[in-house]
Amino acid sequence: MRNKLIIGNWKMHGSVAENAALIEQLTQGVPLLDANTEIGVCPCAIHIPQISELLAGHDRIHIGAQNVNEHTSGAFTGEISAGMLREFPVKYVLLGHSERRTLFGETDEMIAAKFVAVANEQMTPVLCIGESLQQREQNKTESVLLSQLESVLKVTGKESFSKAVIAYEPIWAIGTGKTATPEQAQAVHQVLRHWLATHLGEVSQRMQILYGGSVKPDNAKTLFSQNDIDGGLIGGASLNAEAFLGICEAAQ
Ligand code: PGA
C-alpha cells in the first residue's frame, strides 16, 4: 500500500501575511485528516524560513522547494543550493516543472544534475514530467514521458531514482482548468509504473506517482481513486486552504 501524497506548489504567489493566514488554516485542518495522507507545501524560496518557523511543532506538513541549483556552492549569483534548502529543513524539491522547462530553458541534463544535488542532500526529488497538447495529439505522450524519465535515470542510477516521487503533469492541463480524465491519467500512470517496474524492479510498487494539472476538490476523488495515482501536485487550488484541504480529504 502506498500512502497518498498531496503537494501544494504555490509558484510565485504569497506574502508574509498571506502565508501566515494560509498556514494557520492548514495547521488546523490537517490534523483532522487520516495520518497516512502525506502533505507538502512549496512556497517561494524567500518564504521558506517563515514557513519553517510557522510549522515548527507541526510534523504533518512538510516543506518543499520549487527549484534548486545543481552546484553545491560558488559564484552563481541569485541561486540556492540543495544544502541551503536542507537546513530549514526542506523535504521535497520540485524538479523539471513544465514552467521551469519552458520559461527558464531547463533541459533534461540540467534536471538530472539538480536531481543528483537533491538526492545527495537526502531530500526527495519530485520529478515532474509532462507532454504538450501537440505531442499528445501526435501520439507522442508515451515517448516524451519515458524519455524525460530515462534522461534522469541514466545520470542518477537506480538507487537514488527509486527514492524520488514522480509527478505526471500534462502541460495542457496546468492552470487551464482542463483536467485529464481519470481514465486518461490512469492510462499514463500505468505506463509509468510499468516503466519503473522494468527499470527498477520491485521498488516501483512503493514509488508514489502524482497527477498534476487543474486538480480541484470536485475532481480529486475520482483521480485519486485510480490504481496508479498516488496523490496530486496542486497549483492554483493549493493557495486556498479550504480547496487544498478538500483535495487532501479526497485522498483519504
Ligand atoms: P494547477 O497547477 O493545479 O494550477 O493546474 C499544477 C502545477 O503546475 O503543478
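This is a predicted model: local features need pLDDT of at least 70, side-chain atom pairs count only at pLDDT 80 or more; totals for chains, interfaces and linings use all residues.
Residues are numbered from 1 along each chain as its sequence is written, and side-chain values use heavy atoms, with hydrogens and water left out.

View 1. The ligand is surrounded by 13 residues, of which K11, H97, E169, G175 and S214 are the closest; a residue is counted here if one of its heavy atoms lies within 4 Å of the ligand. By class, this shell holds four nonpolar, seven polar and two charged residues, where Ala, Val, Leu, Ile, Met, Phe, Trp, Tyr, Cys and Pro count as nonpolar, Asp, Glu, Lys and Arg as charged, and the others, Gly among them, as polar. Oxygen atoms of the ligand are found 2.6 Å from an N or O atom in the side chain of E169, 2.7 Å from a backbone N or O atom of S214, and 2.9 Å from a polar backbone atom of G235. Of the 280 Å² that the ligand exposes when taken alone, the protein buries 97%, with areas computed by the Shrake-Rupley method and a 1.4 Å probe.

View 2. Helix 9 covers residues 182-200, and its 19 residues should span 27 Å at 1.5 Å a residue, which agrees with the 26 Å between its end C-alpha atoms; the expected span is 1.5 Å times one less than the number of residues. Helices (H or I, at least four residues) and strands (E, at least two) are DSSP runs, numbered from the N terminus. Among the buried residues of helix 9 are P182, V188, L192, R193 and W195, where buried means under 20% relative accessible area, exposed over 50%, and partly exposed in between (1.4 Å probe, protein chains only). R193 itself has a relative accessible area of 5% and, leaving aside its neighbours within four places in sequence, is in contact (heavy atoms within 4.5 Å) with R2, S204, Q205, M207, I209, D228 and D230. Just after helix 9, G201 takes a positive phi of about 80°.

**View 3. I247 in helix 11.** I247 is placed in helix 11, residues 241-250, and counts as buried because its relative accessibility is 0%. Although I247 and I6 are 241 residues apart in sequence, their C-alpha atoms are 7.9 Å apart in space. I6 is one of the residues that I247 touches, together with V215, K216, P217, A220, F224, I234 and A237, not counting residues up to four places away in sequence.

View 4. Q122 sits in the loop between helix 5 (108-120) and strand 5 (124-129); its phi is near 60°, a positive value in a residue other than glycine, and Q122 is exposed, with a relative accessible area of 63%. S214, found in the loop between strand 7 (209-212) and helix 10 (217-224), has a positive phi near 55° and is likewise a residue other than glycine, but S214 is buried, with a relative accessible area of 9%.

Methods
A polar contact is a pair of N or O atoms within 3.5 Å; within protein, one must be able to donate a hydrogen and the other to accept it, and residues adjacent in sequence count only if both atoms are side-chain atoms.
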